[in-house]
Amino acid sequence: MMRPMPVFDVCAHDREIAEQIEHAIMRVVRSGWFILGREVERFEETFADYLGGGFVVGVGSGTDAIQVALIVTGIGPGDTVITVPNTAVPTVSAITAVGAQPIFVDVDPATALIQPERIEEAIKPDTRAILPVHLYGRAAPMDQILEIAGKHGLAVIEDAAQAHGAYWRDRKVGTWGDLGCFSFYPSKNLGAYGDGGAIWTAEAEVAQRLRQLRNYGQADRYRHVTIGINSRLDEIQAAILATKLPHLEMWTQKRRTLAETMRQRLSDLPLTLPARADGETHVHHLFVVRVNNRDRVRRAMEERGIRTQVHYPIPIHLQEAYRYLGYRAGAFPQAEAWCLETLSLPFSPAMSENDLSLVTDALAEAVVP
Ligand SMILES: *Cc1c(COP(=O)(O)O)cnc(C)c1O
């Protein structure tokens, strides 16, 4: 039996620069300096440049990025934060980790992104922030989100964990709100070889407080000015990310070209292709279609040697861990419909035309019962 095609293959993605990455890792190993050194500083600067300016603070993961962003905003017990139910669970576990409570709003049936029209009716007196998720590599509608936030005095914290380099109009996502949160989980568009994350801010003073919060609340050695945590992007991960960053634009272009080909080949099938939306430039973290009988289609593709994934099968409000929030099935019909029908196909800039054909042929056979 041949190994089934995975949804994402880290080794294949990095093959062209594997040697440079090995050199970067060995440079750190030989330096003997592993936490908060020159590699992290250099990566933070170059990632800030990539995002178009401002400041970047590296942390231990995307989850921590959101948690520390909430802490620096002063959000905690007694506060509520508006977000969506169809996201990775860490978007929400970061909110509950600081003692705040999430309020969900339903998503746009075409894009799976937060529906701005639903935000205002969800705002309560204790609401402090809106946390839009740039899901699948596309951009949430930031104009309307910022307008509502401004009107109600709310902070905007962007979950850009899946959307490095995606644009909303003329500026990259993660740089529209007060704080932008990124993940460098290995399969993300910019992936480390372990956990990693970063927070973007326009303000030097906020960046300084973020640097304290990620490092035990320390201002100088053994002088603690705030209660922080331990969440640092380590030197090896930073060196790997700095090696990969100069290639990110090229990989993103490749994703766009492949996504176009994928769309053309799937255009006649009984399924829904990713919507094209105004104002955004998609970075195709995942190539996601909607199909009826999704689980049957998945099994049929697996039999043809093609793995697929589901992002995400259970909306957060129906997860056991979040039952205490008191939401019921049917509360967010659009998000729930996405969870039933969404299907993530194998997708990576390392895919060849032939790999792409294997996927589209298998899907064509699988959707015709
Ligand atoms: C990956 C991801 C996160 C969490 O990132 P980690 O680095 O795994 O902690 C948060 N939100 C979304 C939407 C993600 O995809």
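Me: What makes us say that helix H3 lies across strands in this predicted model?

Reply: Helix H3, residues 38-51, lies across E1, strand E8 (179-183) and strand E9 (197-201). Its direction is at about 130° to E1.

Me: And which strands does helix H5 lie across?

Reply: Helix H5 (residues 89-97) lies across E2, E3 and strand E5 (155-159), and runs at about 140° to E3.

Me: How do you know that strands E1 and E3 are edge strands?

Reply: Look at the order of the open sheet of 7 strands, E1-E9-E8-E5-E4-E2-E3. Strand E1 (55-59) and strand E3 (101-104) each pair on one side only. Pairing takes at least two bridges, so E2 and E3 count as a pair: strand E2 (residues 80-83) and E3 have 4 bridges in the parallel sense. You can find Thr 83 opposite Phe 104 in E3.

Me: What makes Ile 119 a contact of Ile 114?

Reply: Contact needs heavy atoms within 4.5 Å, so a residue that meets this cut-off counts. Leaving aside neighbours within four places in sequence, the contacts of Ile 114 include Ile 119, Ile 82, Val 84 and Ile 145.

How values were computed. Residues are numbered from 1 along each chain as its sequence is written. This is a predicted model: local features need pLDDT of at least 70, side-chain atom pairs count only at pLDDT 80 or more; totals for chains, interfaces and linings use all residues. Side-chain values use heavy atoms; hydrogens and water are left out. Axes are lines fitted to C-alpha atoms, for helices over the stretch in contact, and angles run from 0 to 180 degrees between N-to-C directions.
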